[in-house]
Amino acid sequence: MKKSNNSLKAALFPRKCFICGDFTVSPYCLCDECSTKFNMIYETTCKSCGLTVNFCQCEEYCYHFESVVSAFKNEGAPQKGIYALKFGGKIDTANYYGEILSQIISKKYRGIDFDVITEIPMTAISKRGRGYNQAELIAKVIGKKLNIPHQSLLKKRMFVKTQHNLSRDDRFFNIFGKFKIANGVTIRGKRVLLCDDIKTTGATLDEAARILRLAGAKEVWCATALITYKF
Ligand SMILES: [Zn+2]
Ligand SMILES: [Zn+2]
């Protein structure tokens, strides 16, 4: 594209697509062409773990949360978008994932009256380094769309080894005891909607749900932008 052409486009279309980088009028910063690469999960999924039947391992694990719903598989363009949000500073991307997740939550969690929406926290140091917590941004978008009050209920303790290179069982062990309830929040008797960007094994969501339940939450329901199938 020529430079003059580029600046004209920039004047007309104030946003750039978070996948291809081209100019777009989309309020979600996703151009029409790239939006076709975002295929929502359409198969029937396990009500507990959010995976399709072939991948569900719920006979081996009993979670502290009620259920997980996710928008996309953790691959391709949806994964690229989450990386842009997490590592590329493209915070507008949260609007897109929040919008799609709101639609899914309205459908799959229909009739459930949530008292509060919250997110998996980052450590204070990590959040300061990035400038934001992407899960919190998504949770706030959903809260606004679905009229659920947002509150950051959890804190993450320092010095948690990253989960990337750990086996499934080690992930549950590694994250155990790493969350605590934020000061001054009341959780007793509440029905909580817990958000995160990616569900991998469910260890992080499970530990957060365990702590919320210990603090008296009535139920914890989860929603993640992406879900990993092959772990
Ligand atoms: Zn695009
Ligand atoms: Zn399952």
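Predicted model: local features only at pLDDT ≥ 70, side-chain atom pairs only at ≥ 80, totals over all residues.
Visitor: Why does the radius of gyration agree with a compact globule?
Guide: The radius is taken over C-alpha atoms, and the globule rule is 2.2 Å times the number of residues to the power 0.38. For 231 residues the rule gives a value near 17 Å; the protein has 18 Å, so the two agree. Along its principal axes the C-alpha trace spans about 60 × 40 × 40 Å.

Visitor: How many helices and strands are there, and what makes a run count as one?
Guide: The protein has eight helices and eight strands.

Visitor: Where do the domains divide?
Guide: Domain 1 covers 1-36 and domain 2 covers 38-227. These bounds come from an automatic or database domain assignment. The C-alpha centres of the two domains lie 30 Å apart. Seven residues of domain 1 and 11 residues of domain 2 take part in the contact. Here, contact means C-beta atoms, placed from the backbone, within 7 Å.

Visitor: What is the make-up of the side of domain 1 that touches domain 2?
Guide: Six residues are nonpolar, one is polar and none is charged. Nonpolar covers Ala, Val, Leu, Ile, Met, Phe, Trp, Tyr, Cys and Pro; charged covers Asp, Glu, Lys and Arg; the others, Gly among them, are polar.

Visitor: Why is Cys29 called buried?
Guide: A residue is buried if 20 or more other C-beta atoms lie within 10 Å of its own, exposed if 12 or fewer, and partly exposed in between. Cys29 has 21 such atoms within 10 Å, so Cys29 is buried. Its place is in the loop between strand S2 (23-24) and H2. Of the 231 residues of the protein, 39% count as buried.

Visitor: What makes the phi of Cys29 worth a remark?
Guide: Phi is positive, about 60 degrees, although Cys29 is not a glycine. Most residues other than glycine have a negative phi. Asn147 also has a positive phi, near 60 degrees.

Visitor: Is Asn147 buried or exposed?
Guide: Asn147 has 8 C-beta neighbours inside 10 Å, and therefore counts as exposed. Asn147 lies in the loop between H6 and strand S5 (154-156).

Visitor: Why does Phe55 count as partly exposed?
Guide: Phe55 has 15 C-beta neighbours inside 10 Å, so the in-between class applies. Phe55 sits in the loop between helix H2 (32-35) and S3. Phe55 and Tyr229 are 174 residues apart in sequence, yet 6.8 Å apart in space, C-alpha to C-alpha.

Visitor: Which class does Glu66 fall into, and what does Glu66 touch?
Guide: Glu66 counts as partly exposed, because there are 17 C-beta neighbours inside 10 Å. Leaving aside neighbours within four places in sequence, Glu66 is in contact with Glu219, Val220 and Trp221.

Visitor: What makes a set of residues a nonpolar core?
Guide: The members are buried Ala, Val, Leu, Ile, Met, Phe, Trp, Tyr and Cys residues, joined through C-beta atoms within 7 Å. The largest core here has 56 residues, and Ile138 and Leu194 have the most contacts inside it. Elements giving two or more residues include strand S3 (67-73), helix H6 (134-146) and strand S8 (219-227). S8 supplies the largest share, seven residues.

Visitor: How do you know that the span of H6 is close to the expected one?
Guide: The expected span is 1.5 Å times one less than the number of residues. H6 has 13 residues and reaches 18 Å from first C-alpha to last, close to the expected 18 Å. Its buried residues include Leu137, Ile138 and Val141. Their cover includes H3, H4, S4, S7 and S8.

Key: Residues numbered from 1 in each chain as written. Chains lettered and ligands numbered in written order. Contact = placed C-beta atoms within 7 Å. Helix = DSSP H or I, 4+ residues; strand = E, 2+ residues; numbered from the N terminus.
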